[in-house]
Amino acid sequence: QVQLVESGGGSVQAGGSLRLSCAASGPTFSAYSMGWFRQTPGKEREFVAATRWSGDRIYYADSVKGRFTISRDNAKNTVYLQMTSLKPGDTATYYCAAATSFGPATATLAGFYPYWGQGTQVTVSS
């Protein structure tokens, strides 16, 4: 089983930056999907970014493309979400997720991921 622990959340002013980290433990493979999702009260969990563990396939939500970057450090078994030009609309609880396969039709769907971290709060003020 994969265990995921997020960190790096906090409060920042609009236009600022944060880097979220997701430390993974357990067996991993190059075909694994690693995703970032976010959720606010009363809304569905929203796709943000996803990468194959090998890093050769990456998807972003249109709302964050050009501002957020997903990356990996395989030596540390850690996936990052570098967030720049943050907006108040980015305020949410951010979750890291993992799955044992990867594909364009599934990697953006929260229901596809069986493994989840407990979330880290990001608050962006104007």
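Guide: Let us start with phenylalanine 68, which is found in strand β7, residues 68-73. A strand here is a DSSP run of E with at least two residues, numbered from the N terminus. The model is predicted, so local features need pLDDT of at least 70 and side-chain atom pairs pLDDT 80 or more, while totals for chains, interfaces and linings use all residues. Residues are numbered from 1 along each chain as its sequence is written, and side-chain values use heavy atoms, without hydrogens and water.

Visitor: Why is phenylalanine 68 called buried?

Guide: Its relative accessible area is 2%. Buried means under 20%, exposed over 50%, and partly exposed in between, with a 1.4 Å probe and protein chains only. Phenylalanine 68 therefore counts as buried.

Visitor: Which residues is phenylalanine 68 in contact with, leaving aside its neighbours within four places in sequence?

Guide: Among them are Arg38, Val48, Tyr60, Leu81, Met83, Thr84 and Tyr94; contact means heavy atoms within 4.5 Å. Phenylalanine 68 and threonine 84 are 16 residues apart in sequence, and their C-alpha atoms are 6.1 Å apart in space.

Visitor: What makes arginine 38 count as buried?

Guide: Arginine 38 has 5% relative accessibility, and therefore it counts as buried. This residue is found in strand β4, residues 33-39. Arginine 38 touches Phe68, as well as others including Glu46, Ser63, Asp90 and Tyr94, not counting residues up to four places away in sequence.

Visitor: How do you know that the side chain of arginine 38 makes a polar contact with the side chain of aspartate 90?

Guide: The distance is 2.9 Å. A polar contact is a pair of N or O atoms within 3.5 Å; within protein, one must be able to donate a hydrogen and the other to accept it, and residues adjacent in sequence count only if both atoms are side-chain atoms. The side chain of arginine 38 also makes a polar contact with the side chain of tyrosine 94, at 2.9 Å.

Visitor: Why is serine 33 called buried?

Guide: Serine 33 has a relative accessible area of 0%, and so it is buried. Serine 33 lies in strand β4. A polar atom of its side chain lies 2.2 Å from the backbone oxygen of serine 101. Leaving aside neighbours within four places in sequence, the contacts of serine 33 include Thr51, Ala99, Ser101, Phe112 and Tyr113.

Visitor: What makes asparagine 77 partly exposed?

Guide: Its relative accessible area is 34%, and asparagine 77 is therefore partly exposed. Asparagine 77 is found in the loop between β7 and β8, the latter being residues 78-83. Its phi is near 50 degrees, a positive value in a residue other than glycine. Most residues other than glycine have a negative phi.

Visitor: Why does serine 85 count as partly exposed?

Guide: Serine 85 has 40% relative accessibility, and so it counts as partly exposed. Serine 85 lies in the loop between β8 and β9, the latter being residues 92-99, and its phi, near 50 degrees, is positive too.

Visitor: How do you know whether the protein agrees with a compact globule or departs from it?

Guide: With 126 residues, a compact globule would have a radius of gyration near 14 Å, and the protein has 13 Å, which agrees. The radius is taken over C-alpha atoms, and the rule is 2.2 Å times the number of residues to the power 0.38.

Visitor: How many strands does the protein have?

Guide: The protein has 11 strands and 0 helices; a helix would be a DSSP run of H or I with at least four residues.
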